[in-house]
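Here is a short briefing to read alongside the coordinates. Please keep the viewer open as you go through the points below.

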Amino acid sequence: MNEGMLVHDAVEGMLRVSPPPPREPTGFFTDASLCIGCKACEVACKQWNALPAEQVGWTGQSYDNTSRLSATTWRHVSFAEHLLPNGDIRWLFNSDVCKHCSAAPCQEACPTGAIIRNEFDNVYVQRDVCNGCGYCVVACPFGVLGRSENDGAAHKCTLCYDRQKDGLTPACAKACPTESIKFGPLAQLREHARERVTELHGQGQTSAYLYGADDSGEYKPLNAFFLLTEEPAAYNLPAAPRRPSASMGRRYLLSAITGVGLSALTVLAFRQNNGAR
Amino acid sequence: MPPRELPVLSNPLHYGTEDADEHRENGRVGAAVRRPRDAYRGIPFLATPPWGTEVSAYFFFGGISSGAFTVGSLAMVCGQRWREFGRIGHIVAFGTLLPCPILLVDDLGRPALFHHMLRIFKPSSPMNLGAWTLLTHSGFVGVSFVQALAHADRLPLVGPTVRWLPERLVAAGGLPSALTLGGYTGVLLGTTSIPVWFTSPLLGALFMASSLTSGLGAIAMAVALTSRDSEDIEVIRSLSVQMGIVELAVLEGYFATSGKSARPLMTGKLALELTGAIVATGLAIALDMSSPREGNTNRMLGLAAGAATLVGSALLRWTVVRAGSPSAQDRENALEAMSPSPEVPGWGPHRKYPRITER
């Protein structure tokens, strides 16, 4: 990189342009009951977003060879082998992705304003603004974000922002052969998801439930939510993620009390010995 | 006889072998597990913190600078007798602030874009607030440092221009930013999803206490090395005893409120280093409490106690920051730390969903 580029990069990120007008909020509804573990979504994502391959090989636990989301893996098909009481083996699949939380810890943590909500209400990392501080990496309760070794910046699913702007479906949803990954306006997706749960329950699949479709106390709904049939941990998801910022005020308060208290001790010590030397 | 270590059978062709039979007895066939939640056993769902030595070092030096400025300024405000002492505090605050920006920039994935931290003002992000706090603190430390030099007539040209600004005004004005700098680092770690950092609400309080003790420790060393006044040192020594006890009490509170999430700090090398931090802080308290004997002036004791305090503070920051990685990788603990509670009911089969019938 020459010096001119450096200056250009340094200045460009500081500029703030007015955001485009909001569009209808979009999201993903990933239906694990329809996932066949083909990993077409992973491949389509890598291909469209030009993401490099990571580990090639089995995890040693199942046919999962990605094992987790990262800076260069934005879709991950969890692949679990479950031994049933009768000795049969059942596979549990789910295509994991950034949850595009409606109150996103990564976005709240980001000190540069690189992480924004774009006009589709998706959580988006502005690559030219991110300075790679890594705070979003530790803020996310799902371990979605990673800091790339290649460029030092944080990366995650963009919900195919570029494709959406051109009216296209995100690459993973487009590639999914069973329509396990559904993309669309959030309101429609939620409606459809509830209908799907009712349908499954009617068929006797009573373990089906929605992960992230509604409020969980301090944690707000996920704009990319899931239909699962086993407890969240089976898909390596936390049952009740905490929202880090919810307890921030209390932390500052306790810190301030300690600071003021110790300052008072200090003043007392100096006051008591204020006499003649 | 301990159970034999079995190879993981991820290939269905291995089914039906003797190993597979034993796996079946243990509840596993191939990689299959009886409990679905065990399928990802050992594979963490949290990302490992990308932070290393620079961050611990920044927390350490920033803490000293914050504490030294606070103690120095409070002394200065307390009366004429403590003016000189306050100036020493401000000089220490300046010296320890110097490495901070370098460490902060070096820690970034894209150091050339460090100034993006100041692109917006976003106090809801502790890191953004911290960047602004550091900037403000630098301003006050810089001015008070120049004032201290001017007072000693070390600055023939700048001196007269800064003397019109009352020292005590700068000292008092810089207190809010100095105190924020001391505590925000712990709040920053707490406002994450890493169990060892977020479970207890006391990390900000702990770092605040540690900042003030280490700031006072650094001043104690500077005073012991430069001043001949043994009375000053006696005041510092009794104050450091009180502060050290408060710090250890907050550390105890941190462990009490962390529960199992503090496990990374209680195992292996980190446990050893944290014990070192506690021992060093305890040693500092003991040194400050002991009275000088023959051949042992209180200046020497103050110097040694200050050094021990700094060692304790450095080890504390180091272990707490390092503990983030094993904590993120401890899947079982992370699942437990994010298990349903009345405030956060979560999502899953445990919830009685009104969703089906009530629609």
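In which loop does R242(A) lie? R242(A) sits in the chain A loop between β10 and α8 (248–272), where helices (H or I, at least four residues) and strands (E, at least two) are DSSP runs numbered from the N terminus. Before going further, note that this is a predicted model, in which local features need pLDDT of at least 70, side-chain atom pairs count only at pLDDT 80 or more, and totals for chains, interfaces and linings use all residues. Residues are numbered from 1 along each chain as its sequence is written, chains are lettered from A and ligands numbered from 1 in the order in which they are written, and side-chain values use heavy atoms, leaving out hydrogens and water.

**Around R242(A)**
- Contacts of R242(A) (heavy atoms within 4.5 Å) include P141(A), E218(A) and Y219(A), and in chain B they include S193(B), F198(B) and S339(B), with residues up to four places away in sequence not counted.
- Its side chain reaches the backbone oxygen of A240(A) at 2.9 Å, and that of S339(B) at 3.4 Å.
- From R242(A) to R75(A), 167 residues apart along the chain, the C-alpha atoms are separated by 22 Å.

**Strand β1 of chain A**
- All of β1(A) (residues 26–31) is buried, 6 of the 6 residues, so the strand is largely enclosed by the rest of the structure; buried means under 20% relative accessible area, exposed over 50% and partly exposed in between, with a 1.4 Å probe and protein chains only.
- T26(A), F28(A) and T30(A) point one way from β1(A), while G27(A), F29(A) and D31(A) point the other way.
- Strands pair if DSSP finds at least two bridges between them: β1(A) has 5 bridges to β8(A) (residues 181–185), running antiparallel, and 4 to β10(A) (residues 224–228), running parallel.
- T30(A) stands opposite I181(A) in β8(A) and opposite F226(A) in β10(A).

**Helix α4 of chain B**
- C100(B), L103(B) and D107(B) are buried in α4(B) (residues 99–107).
- These residues cover an arc of only 70° around the axis, so they are on the same side of α4(B); the arc is that of the directions from the helix axis to the C-beta atoms.
- Among the elements covering the buried residues of α4(B) are β6 (146–147) of chain A and α5 (126–151) of chain B.

**Cysteines**
- There are 0 disulfides over all chains, a disulfide being a pair of cysteine sulfur atoms within 2.5 Å.
- For C160(A), the nearest cysteine sulfur is that of C172(A), 6.2 Å away.
- C160(A) counts as buried at 7% relative accessibility, and C78(B) is buried with a relative accessible area of 6%.

Definitions and conventions. A polar contact is a pair of N or O atoms within 3.5 Å; within protein, one must be able to donate a hydrogen and the other to accept it, and residues adjacent in sequence count only if both atoms are side-chain atoms.
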